[in-house]
Amino acid sequence: MAFLEMRGIVKRYPGVLANDRVDLAVEAGEIHAVMGENGAGKSTLMGILYGLVQPDGGEIVIDGRPRPFRSPIDAIAAGLGMVHQAFKLFDSLTVWENVVYRAEPRRGPFIDRAAARRTVADLARRHGLPIDPDARVGALPVGVKQRIEILKALYRDARILILDEPTAVLTPGERDGLFQVMHGLAADGRTILFVTHKIHEVMAVTDRITVLRDGRVADHMVTAETDPQAIIRAMTGRNVSLKADRAPAQPGKPLLEVEGLTLAAPGKPTVDGVSFAVRAGEIVGIAGVAGNGQTELIEIVAGLRAADAGAIRVDGRDVTAAGVAGRRAAGIAYVPEDRAHTGTALRASATDTLSMGFHRRPPLSRRGVLDRAAMRDRARGLIARFGIKIPGEGTTVGTLSGGNLQKVVVARELDHQAPVLIAEQPTRGVDVGAIEFIHAQLVAERDKGRAVLLVSAELGEILALSDRVLVMYEGRVIAEVPGADATETSLGLLMAGVTGQAA
Amino acid sequence: MTAAASVLRGAATSSVLWAILGGLVIGALITLAAGHDPIAVYGEILAGAVVGPNLAETVARAVPLVGMTLVAAIPLRGGMVNLGGDGQLVLGGLVAAVVALYLPAPGEVRLVAAILAAMAVSGAYAALAAWGEVRFGVPLLISTLLLSYPAQGVSSYLARFPLRDPSTGMPETYRVEEAARLPVLVPGTPITWGLVLLLLVIAAVVFVDRRGTAGYELRLRGLNPRFVAYGGVDLGRQTIRTLFASGAVAGLVGAMLVLGDQFRFTDNALLSPAYTWSGLMAALLAMGEPIGAVCAGLFFAALQTGGFAMERATEVPRVLTLVLQAVIILLLAMRHGLRRR
């Protein structure tokens with residue numbers, strides 16, 4: 001029997017069978033990938049394993065003992081650790097304080113600070129996770145924060161580590177470091193569950209793979225005996241090409257021009273004198289590790305944030321002083337990076353969500369009075385045209401999977417037919433089928449003569465779509481590379497701030 | 001309406017009903033503990049609220065209470081809170097009294113002008129608090145509440161000194177003459193044309209909420225303000241407009257009380273029934289949804305009117321009805337809190 005077994009796990013949500021008799025078996029010392037499109041049931045399965053979600057059926061057996069987890073506290077006690085996608089750290093506390101939180105070594109009623117610091121430092125050294133135990137967490141880069149999350153689990157002597165999309169926020173270099181740590185932990189006899197979408201990472205680092213599709217196990221695979229196409233087939237039930245087919249760009253006049261945009265911040269500006277232009281009929285990609293000013297830059301261009309200096313022109317018109325509405329009227333459509341917090345209202349219906357931005361003019365309203373029937377008709381039309389899987393236009397969008405929610409946002413923004421389209425992380429956390437669809441839409445927009453500005457932390461996406469690539473590092477555009485000449489290696493170095501040979 | 005929305009609506013209503021039921025049970029236990037028969041006490045409240053002339057009393061009380069419910073519910077729909085209802089109410093009453101007393105015009109003109117002026121001044125005063133948030137980042141919760149006190153203070157001063165009617169022993173203005181008062185709607189009852197004005201306001205609020213672009217923007221702001229800003233709504237301007245509407249309704253209530261009930265502005269008279277706070281509770285009970293808020297306001301008005309009758313008929317003080325109100329809101333808040341886990 002395997003070290004960790006989940007047998008016949010069933011979880012029902014209203015209208016959805018999230019997990020349907022899922023089996024998962026992982027040996028001690030194994031790195032095991034859990035793959036699947038969004039909505040396939042990965043998060044539910046991992047949530048059940050970690051005690052966050054209560055299953056409706058099935059059992060969890062660890063080391064031969066059945067283990068019903070009523071809460072993460074039970075799971076942690078049984079030797080589980082989870083590194084969430086969004087870190088759960090206290091920014092104002094130090095590294096060691098974060099690591100020992102709720103399991104502090106004590107001397108009488110007080111925390112034994114010296115012992116705590118020593119333990120954390122030893123642990124970090126032993127597992128090859130270089131870290132300063134006294135650093136304030138808030139000031140640390142994301143790669144280091146992730147190490148703290150791993151240390152938290154190891155400090156509680158986790159034998160089974162769940163890593164939920166751990167590479168989404170890392171540079172290629174940090175990612176390779178993480179893989180080394182994972183190998184070290186596995187050699188130490190620990191079991192790692194690696195939840196991810198990224199097939200090449202699975203190929204590089206895992207021993208075996210469990211693929212979920214529509215809540216069921218689509219396949220159990222041995223990594224050494226499979227290939228990326230087989231994994232994609234298992235995930236989607238069909239063949240998908242990740243390379244977007246497209247003709248060379250035919251750039252026309254500049255539709256979006258940005259000049260010297262600066263956003264001041266204590267110390268170093270977050271956005272530092274950024275200038276570029278996006279012309280009709282081209283896709284310009286902005287590559288960069290998350291947190292290098294891309295988010296702020298796009299918020300400024302979209303009008304959600306005021307710049308301290310610089311100018312923005314849309315189709316030759318200066319919109320620097322305009323608000324969001326003014327810029328949208330001038331011709332900017334915008335797929336924001338955070339669909340749940342910015343791009344939609346999760347508790348609103350699809351009709352209401354799809355109407356936003358169109359609701360002030362005919363046909364959706366006249367003289368301030370909405371035409372609810374027209375709103376529903378339009379929503380139904382977009383749902384059909386973009387293949388959004390939703391029970392009806394009155395359904396609240398918070399019930400949709402990530403890919404479908406993103407399609408709602410993309411459908412609404414493309415419907416503006418605006419000359420400038422900003423797509424920010426358009427496929428983050430989206431399943432392979434939806435990625436293919438969204439990429440094809442972006443290329444189609446380009447071919448219609450729109451200027452597309454693509455921001456992505458996903459190098460594969462930048463490489464597949466961009467006619468030109470701008471690399472952002474610490475608030476500045478440090479390089480511009482023609483799309484044809486860009487490679488993962490050259491961009492990876494630039495994203496880490498290494499210029500000199502290129503650019 | 002779609003199936004999902006009606007299911008949601010159903011769940012919300014049922015949790016309100018449970019809260020009311022739970023409140024009544026707790027109220028009954030309190031009554032029992034005090035040595036009274038809860039059935040008799042509730043019977044007195046019910047009779048005192050709806051039987052015979054009491055029904056008219058309830059309606060008369062409901063007009064200002066439901067009005068102040070809307071004052072709270074309008075911003076609450078967009079996730080904003082107006083705690084300055086008292087100040088806006090008093091200002092509206094004072095302005096209405098001054099215009100009705102001193103505007104050189106025929107009575108009916110004075111009446112209309114008094115109401116419009118009260119709405120404009122109170123609306124502007126609430127918008128001032130909103131501007132404080134938009135321009136200076138003073139949270140609305142604080143700016144509305146704190147601006148309430150200068151309004152009360154200034155009104156109190158004006159009623160006590162420059163505008164005072166020296167013939168009464170009270171800190172109050174002269175009496176508004178008959179022609180400039182709100183006419184009685186149902187003879188023999190305290191129900192005035194204020195009821196009609198309130199119904200018009202309710203109709204307008206519900207219409208804008210259901211069918212207006214402004215209502216759509218406000219409702220979605222309540223669900224996710226970032227989304228609305230991303231969609232092109234200027235949140236600052238929306239805050240100011242919403243607070244203006246909210247304050248204007250408070251001004252209308254003040255004007256209705258002065259021109260239809262008290263016929264003069266008396267210091268503190270508008271505030272002692274605490275319409276603002278009952279209205280806020282009613283609006284919270286419905287989470288800002290206008291029709292639900294109006295129903296909750298009616299319910300509270302009935303409870304309070306019934307409380308007076310109960311106090312007369314039994315030895316139980318009418319503060320019991322205020323306890324009931326508070327317990328119901330607490331139970332509802334608990335249910336929402338529990339479900340969020």
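What share of the 503 residues in chain A is buried? After that, please take me through the six-stranded open sheet: in what order do its strands lie, and how is the pairing described?

Analyst: Happy to! Please keep in mind that this is a predicted model. Buried residues account for 49% of the 503 residues in chain A. The chain holds 17 helices and 24 strands. Its radius of gyration is 24 Å, close to the 23 Å that the globule rule gives for 503 residues, so chain A is as compact as a globular protein of that length. Along the principal axes, the C-alpha trace spans about 65 × 50 × 50 Å. Of the contacts with a separation of 6 or more, 67% are between residues 24 or more positions apart.

Chain A is divided into domain 1 (4-236) and domain 2, which is made of two stretches, 255-331 + 418-495. The C-alpha centres of these two domains of chain A are 32 Å apart. Ten residues from domain 1 and ten residues from domain 2 take part in the contact. On the domain 1 side, helix 8 (residues 228-236) gives the largest share, three residues. By class, that side has five nonpolar, four polar and one charged residues.

Now to the sheet itself. Its six strands in chain A lie in the order 18-21-22-15-23-24, and the pairing is mixed. Strand 18 (332-335) and strand 24 (476-482) stand at the edges with a single partner strand each, so one side of each has no neighbour in the sheet. On average, neighbouring strands are turned by 20 degrees against each other, direction ignored.

Within this order, strand 15 (residues 282-287) and strand 23 (residues 468-473) of chain A run parallel and are joined by four bridges.

Helix 17 (residues 488-495) of chain A lies across strand 15, strand 23 and strand 24. Relative to strand 23, helix 17 runs at about 30 degrees.

Conventions:
Residues numbered from 1 in each chain as written. Chains lettered and ligands numbered in written order. Predicted model: local features only at pLDDT ≥ 70, side-chain atom pairs only at ≥ 80, totals over all residues. Helix = DSSP H or I, 4+ residues; strand = E, 2+ residues; numbered from the N terminus. Rg over C-alpha atoms; globule rule 2.2 N^0.38 Å. Buried ≥ 20, exposed ≤ 12 C-beta atoms within 10 Å, placed from the backbone. Contact = placed C-beta atoms within 7 Å. Domains from an automatic or database assignment. Nonpolar A, V, L, I, M, F, W, Y, C, P; charged D, E, K, R; others polar. Pairing = 2+ DSSP bridges. Axes fitted to C-alpha atoms, helices over the stretch in contact; angles between N-to-C directions.
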